[in-house]
Amino acid sequence: MTRSVAVVTGAAGDIGRAIAARLSESHDVVVLVDIDATALDAAAGALGSSDRFATIVCDVTDEASIRSMAQATAGLGLVRTLVNNAGAARAVSLHDTDGAIWRADAALNLEAPFLVFRALEAALKATQGAVVNIASVNGLAVFGHPAYSAAKAGLIHLTQSIAVEYGKFGIRANAVAPGTVRTQAWEARARANPEVFEDVKRWYALRRIATANDVANAVFFLAGEQARAITGVCLAVDCGLTAGQAELARTFSQSDHY
Ligand SMILES: NC(=O)c1ccc[n+]([C@@H]2O[C@H](COP(=O)([O-])OP(=O)(O)OC[C@H]3O[C@@H](n4cnc5c(N)ncnc54)[C@H](O)[C@@H]3O)[C@@H](O)[C@H]2O)c1
């Protein structure tokens, strides 16, 4: 029997590690892919059970590195699930953004998922597999980080392109758009404002923020058989941030019910 494999990029990060843990329930092997070898070892150590997890150091913005990763992955089994999770934002405003930042954010958040998908496409066809792209609420509306946001908006469109063009092979592609999730990516902002996670809660309908496990649960669902009729969607895991703004609704309606 060929072993079923899930590939998670950016798996040394908090969300990627949570996704890897969840997908290990439904795959024989989960391949943790990350550019940071030290963090990757730490993530694998935290996940335990070494026969269910493999690690591959790979820069997902580098085609040669992706080719090596795809070859190494082929030796582990057949890829049934690809989660393009590696991502990062560099500049907070357009004014702070230069050409190099724009290109770097586009390379990591948009081009890399395309390149990794193409590198694993044959295996995904063979398994009628699933792709889950980790987008962001920043790809749906403006919350700062314009280069990152434009790339994430592009990633949602790429998701639809895969769904439409590869649906005939049985491949499904969906996106997940998290709102704020407390991860290492927030460390600098949390240092600058220790209250940042409390401050943001008022903008969320549920008055709380999502966790890495909340994102992982959505990925697990979209990657699995329960979502066999779902492709081309972007599922917000955002505690209601993009549903609307209670404060604005209160102002517009002059109703205290919001
Ligand atoms: N944390 C949030 O609030 C939030 C909200 C919305 C979306 N997201 C998205 O979720 C995903 C995970 O975010 P996170 O908060 O866990 O971030 P994180 O910084 O904790 O993890 C990101 C991981 O990606 C890896 N990585 C960076 N560049 C890479 C490259 N070139 N090749 C391979 N790996 C690379 C990093 O080493 C890191 O381990 C990202 O796509 C991010 O945009 C996060």
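The legends below go with several close-up views of this predicted model. Because the model is predicted, local features need pLDDT of at least 70 and side-chain atom pairs count only at pLDDT 80 or more, while totals for chains, interfaces and linings use all residues. Residues are numbered from 1 along each chain as its sequence is written, and side-chain values use heavy atoms, with hydrogens and water left out.

**View 1. The ligand takes up the space of the largest pocket.** A molecule sits in a pocket if more than half of its atoms lie within 2 Å of its grid points. Have a look at the shell: of the 29 residues around the ligand, Asp34, Asn85, Tyr148, Thr183 and Trp186 come nearest. Being near means that a heavy atom of the residue lies within 4 Å of the molecule. Helix H1 (14-23) and helix H5 (146-166) each supply at least two residues of this shell. Helices are DSSP runs of H or I with at least four residues, strands are runs of E with at least two, and both are numbered from the N terminus.

View 2. Taken alone, the ligand exposes 830 Å², and the protein buries 89% of that. Such accessible areas come from the Shrake-Rupley method with a 1.4 Å probe.

**View 3. His145 and Arg207 both have a positive phi of about 55°, although neither is a glycine.** His145 counts as buried because its relative accessibility is 13%; buried means under 20%, exposed over 50%, and partly exposed in between (1.4 Å probe, protein chains only). Arg207 is found in the loop between helix H7 (196-200) and helix H8 (212-223). At 42% relative accessibility, Arg207 is therefore partly exposed.

**View 4. Leu23 and Val83 are 60 residues apart in sequence and 10.0 Å apart in space, C-alpha to C-alpha.** Leu23 belongs to helix H1. Its relative accessibility is 0%, so Leu23 counts as buried.

**View 5. The side chains of Glu121 and Tyr166 make a polar contact at 3.1 Å.** Within protein, a polar contact is a pair of N or O atoms within 3.5 Å, one able to donate a hydrogen and the other to accept it; residues adjacent in sequence count only if both atoms are side-chain atoms. Glu121 sits in helix H4 (residues 99-127) and counts as buried because its relative accessibility is 10%.

**View 6. The structure holds zero disulfides.** A disulfide is a pair of cysteine sulfur atoms within 2.5 Å. For Cys234, the nearest cysteine sulfur is that of Cys239, 15 Å away. Cys239 is likewise in no disulfide. Is Cys239 buried or exposed? At 10% relative accessibility, Cys239 counts as buried, whereas Cys234, at 29%, is partly exposed.

Methods
1 Å grid on protein atoms, 1.4 Å probe; cavity = no way out; pocket = protein on both sides within 12 Å on 5 of 7 lines; lining within 4 Å.
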